[in-house]
Amino acid sequence: MEKTITAKALLFDFDGVVADSEKYYTGFWNGIGKTYLGREDFGLEIKGCTLVSIFDKYFPRIVWKELERKLDEQEAEMSYEYIPGVCDFVKMARARGYKTAIVTSSNLHKMQSVFSQHPELPAIFDRVFTSEDFTESKPSPHCYLKAMAFFGTEAQDSTVFEDSVNGLISGRNSGAKVVGLSTTNPADIVAQYSDIVVPDFTDAEKLFEFIEK
């Protein structure tokens, strides 16, 4: 019986993987955590989670609108510079036949702000998944499993690119290979949840060698 050949997929978180924007969110959520919860390093704790899950778990409903307004103001002022080499790497991957997607915990409203700065971005990837597409937040693997299902891809034929601990756990629990980027957390922390750690995408051949072995 012939083996069915499935698509191969590369699945990318957005903040800290495609864009160097996690530093803004860390500062923002650290300030929110200190002001509203009296907690230090809150930004690292919730990194990779959807906004809905953060609100549900940590904040009373009465402050949701206020926090949403503050976050909108923060995102309107942010710049979303690409992680070095990411666009060229994705284009190379698609030329090699890989399916590619952004799989982000950010909502569509935020990503529309990103697209206004980078109108070319949606065309670089085959698909952009946002928080509206999922029913569970990272570290649940639901978002990555749904992306695999969309492409008709098995876990063993998929690779996840992540930077946050919650995201790395999500990728690992999906059964995919996990490339950890040391853009947000120290490399020794990222290595605990990854199959390989890289600082960016500038060494494309090293990444393809890992993905294709």
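The accessible surface of the protein chain amounts to about 10200 Å², by the Shrake-Rupley method with a 1.4 Å probe, where for residues only the protein chains shown count as cover. Carbon and sulfur atoms account for 52% of this surface. The model is predicted: local features need pLDDT of at least 70, side-chain atom pairs count only at pLDDT 80 or more, and totals for chains, interfaces and linings use all residues. Residues are numbered from 1 along each chain as its sequence is written, and side-chain values use heavy atoms, with hydrogens and water left out.

The protein chain contains 11 helices and six strands. These elements are DSSP runs numbered from the N terminus: helices are H or I runs of at least four residues, and strands are E runs of at least two. The radius of gyration of the protein chain is 17 Å, close to the 17 Å from the globule rule for 213 residues, so the chain is as compact as a globular protein of that length. This radius is taken over C-alpha atoms, and the globule rule is 2.2 Å times the number of residues to the power 0.38. Along its principal axes, the C-alpha trace spans about 60 × 35 × 30 Å. Contacts (heavy atoms within 4.5 Å) were also sorted by sequence separation. Among those between residues at least 6 apart in sequence, 65% join residues at least 24 apart.

Of the 213 residues, 50% count as buried. Buried means under 20% relative accessible area, exposed means over 50%, and partly exposed lies in between (1.4 Å probe, protein chains only). In soluble globular proteins, nonpolar side chains tend to be buried together. A nonpolar core is a set of buried Ala, Val, Leu, Ile, Met, Phe, Trp, Tyr and Cys residues joined through side-chain atoms within 4.5 Å. The largest such core here has 49 residues. Those with the most contacts inside it are F12, W29, F59, F89, F161 and F201. Leaving aside its neighbours within four places in sequence, F161 touches residues including L10, F12, F89, Y144, V179, F201 and I211. A second, separate core has 14 residues, among them A147, M148, A155 and A176.

Helix α9 (residues 165-173) also has buried residues: N166, G167, L168, S170 and G171. Their cover includes α2, α8, β4, β5 (177-181) and α10 (187-190). After α9 comes G175, with a positive phi near 90 degrees.

D41 has a positive phi of about 55 degrees although it is not a glycine. D41 sits in the loop between α1 (22-37) and α2 (42-46). The peptide bond from K138 to P139 is cis, with omega near 20 degrees. P139 belongs to the loop between β3 (127-129) and α8 (142-151).

The structure holds 13 salt bridges. Each is a side-chain nitrogen of Lys or Arg within 4 Å of a carboxyl oxygen of Asp or Glu. K8 is partly exposed, at 41% relative accessible area.

K110 and D15 form another salt bridge, at 2.8 Å from N to O. K110 is in helix α6 (residues 108-117) and D15 is in the loop between β1 and α1, so the pair links parts that are 95 residues apart in sequence. K110 counts as buried at 1% relative accessibility, and D15 counts as buried at 6%. K23 and D20 also form a salt bridge, with closest N and O atoms 3.5 Å apart. K23 is partly exposed at 48% relative accessible area, and D20 is partly exposed at 28%. D13, K138 and E162 are linked in a network of salt bridges.

Disulfides were assigned as pairs of cysteine sulfur atoms within 2.5 Å. The count by this rule is zero. The sulfur of C49 is 11 Å from the closest cysteine sulfur, in C143, which is too far for a bond. C143 is therefore in no disulfide, its nearest cysteine sulfur being that of C49. C143 counts as buried, at 1% relative accessibility.
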